[in-house]
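Please look over the structure shown below before reading on.

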Amino acid sequence: ISGSFISLPVGELKGQSWVLFLPLLMIILIFNRYIAIPKSYLRFFCLFSIIVLISGVANFTEIYNTIFKGRSGIERFFGQYMLFVIMACTSFSLFNIKIDLFNTANAERSMLKLVYISSVPVFFIGFFELLWVVFDVPVESLLLNISMLFRDEEYLNYISTRARGSLFEAPALGMYLSFLLPFLFLIRNSFTRFLVIFLLFCLVYASSSRVALVLCILGALLYLLMKDRYSLLILLAIIPIIVILASFGLLDSISEYMFSKLGAVFSIEQDVQDDFHAVSNLTRLASQNALFSMFLEKPILGWGLGQATLHIDAFYPSWGYASYEVGEYASNTLGTQLPPLYSLWMRMIVELGIAGFLTILTGLAYLYRKINGIEFITLNMKGALKVSYLLTILSLLQFDSYRVIQFWIVVSVILFFDMLNEKNKNNTIN
């Protein structure tokens with residue numbers, strides 16, 4: 001594995017190291033004697049594809065004629081659909097591999113082991129990033145060499161400022177940690193559980209990510225409210241330890257950090273050019289305002305898959321240009337970055353209209369109900385799965401792509417557990 005290999009032109013998947021495992025998944029499936037396709041999964045995929053097709057046909061002329069920053073509407077339409085297909089196939093492949101490995105007797109424990117093992121690279125790299133970012137230990141060269149295994153060249157320059165584990169940027173680390181956190185509460189050994197959760201919140205601190213802070217705090221509270229009071233004591237014990245470390249000058253004041261980050265979520269200043277979070281917040285607010293205006297123009301079938309970023313420049317509010325980022329995104333300069341939309345939820349309702357949005361919302365609600373119906377897993381596992389699923393969905397409020405791999409992993413786990421649950425019921429009846 002190398003950064004140069006990952007940097008092959010694979011669109012939005014550029015720099016995503018897990019993409020290298022897709023051919024392996026496909027090969028395993030090819031040699032499988034039996035491939036299962038959940039009916040609900042197939043129905044949703046077909047329905048989503050039909051809505052994408054209808055929206056595309058309704059906007060065909062505009063899609064065909066649109067070019068912005070050198071990207072065409074046709075390229076975006078088919079490229080985004082192929083991305084969705086790749087992610088759906090990834091989830092489908094993981095679902096089928098689990099069929100060969102697990103049954104109702106070992107499914108829960110084996111699934112947790114896989115989650116824990118897959119988190120090792122994140123914590124391993126994160127530990128050295130903590131040494132560098134927080135304690136100024138000179139491990140930059142080591143981090144750079146490790147980073148070459150996971151990232152495209154354009155993502156290598158973050159290591160001196162923010163922790164991001166094995167992911168491509170700090171907010172992505174925050175999204176992953178929120179997915180992981182509920183499952184860490186299921187670690188059996190209390191000392192190990194405390195140590196790993198403590199390290200996770202240290203990574204949240206070192207990532208300097210508002211997303212990580214909000215989602216991980218929310219995730220911990222949601223899980224603990226659902227089930228495990230004992231783990232609440234562990235979570236509460238982490239806070240005074242961090243405060244003690246801060247008092248010795250090993251960390252900045254945790255309270256100051258939390259208040260500054262939570263405040264940054266809402267801060268929008270008049271003069272934003274020199275304030276990173278204020279610039280980011282104003283750009284995001286202007287983008288959501290523009291997307292809402294786009295939705296009002298085509299509310300039923302939307303603008304077509306992948307088209308929002310090609311038209312948003314005409315809808316930015318005048319006050320949004322106080323952020324230099326908005327000006328850069330709105331300029332039609334060949335080869336420059338397309339405007340980020342910051343929210344997959346807003347993007348879906350703009351591109352696919354109310355019809356597509358309600359279809360996706362129905363599918364997500366259906367999956368959540370499936371979790372409630374799984375009888376063979378423990379209540380703690382059910383609670384962790386619910387919280388992880390909800391937090392993954394919430395994280396899409398600030399990320400505008402279908403390539404959130406943890407979402408597709410959770411979907412495959414829910415469908416797999418549901419299939420085992422049905423088999424278990426049928427065996428009991430027979």
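How many cavities of 30 Å³ or more does a search of the whole structure find? The search finds one, where a cavity is a set of points, on a 1 Å grid over the protein atoms alone, at which a 1.4 Å probe fits but cannot get out.

This is a predicted model, in which local features need pLDDT of at least 70 and side-chain atom pairs count only at pLDDT 80 or more, while totals for chains, interfaces and linings use all residues. Residues are numbered from 1 along each chain as its sequence is written, and side-chain values use heavy atoms, with hydrogens and water left out.

**The chain as a whole**

The secondary structure comes to 18 helices and two strands, which are DSSP runs numbered from the N terminus (helices are H or I with at least four residues, strands are E with at least two). Of the 430 residues in the chain, 54% are buried, a word that here means under 20% relative accessible area, with exposed meaning over 50% and partly exposed lying in between (1.4 Å probe, protein chains only). Among contacts between residues at least 6 apart in sequence, 75% join residues at least 24 apart, a contact being heavy atoms within 4.5 Å.

**The cavity**

The largest cavity holds about 60 Å³ of space, a volume being the space filled by probe spheres set on the grid points, which are joined across faces, edges and corners. Lining residues, those with an atom within 4 Å of a point, include Met111, Phe179, Met381 and Val413. Helix 6 (107–133), helix 8 (170–184), helix 17 and helix 18 (405–429) each supply at least two residues of this lining. By class, the lining has ten nonpolar, no polar and no charged residues, where Ala, Val, Leu, Ile, Met, Phe, Trp, Tyr, Cys and Pro count as nonpolar, Asp, Glu, Lys and Arg as charged, and the others, Gly among them, as polar.

Helix 17 (residues 379–395) has 17 residues and should span 24 Å at 1.5 Å a residue, which agrees with the 24 Å between its end C-alpha atoms; the expected span is 1.5 Å times one less than the number of residues. Because 13 of its 17 residues are buried, helix 17 is largely enclosed by the rest of the structure. Helix 10 (residues 210–226) also has 17 residues and reaches 24 Å from its first C-alpha to its last, close to the 24 Å expected. The buried residues of helix 10 include Arg210, Cys216, Gly219 and Tyr223.

Tyr389 has its place in helix 17, and Tyr402 is found in the loop between helix 17 and helix 18, whereas Val133 is found in helix 6. The table sets out their relative accessible areas.

| Residue | Relative accessible area | Class |
|---|---|---|
| Tyr389 | 1% | buried |
| Tyr402 | 5% | buried |
| Val133 | 23% | partly exposed |

Not counting residues up to four places away in sequence, Tyr389 touches several residues, among them Leu364, Tyr368, Phe407 and Val410. Val410 also belongs to the lining of the largest cavity. With neighbours within four places in sequence left aside, the contacts of Tyr402 include Phe48, Phe84, Arg347 and Trp408. The C-alpha atoms of Tyr402 and Ala88 are separated by 9.5 Å, although the two are 314 residues apart along the chain. Val133 and Ala206, 73 residues apart in sequence, are 6.5 Å apart in space from C-alpha to C-alpha.

Notes
On a 1 Å grid over the protein atoms alone, a cavity is a set of points where a 1.4 Å probe fits but cannot get out, and a pocket is an open set with protein on both sides within 12 Å along at least five of seven lines; lining residues have an atom within 4 Å of a point.
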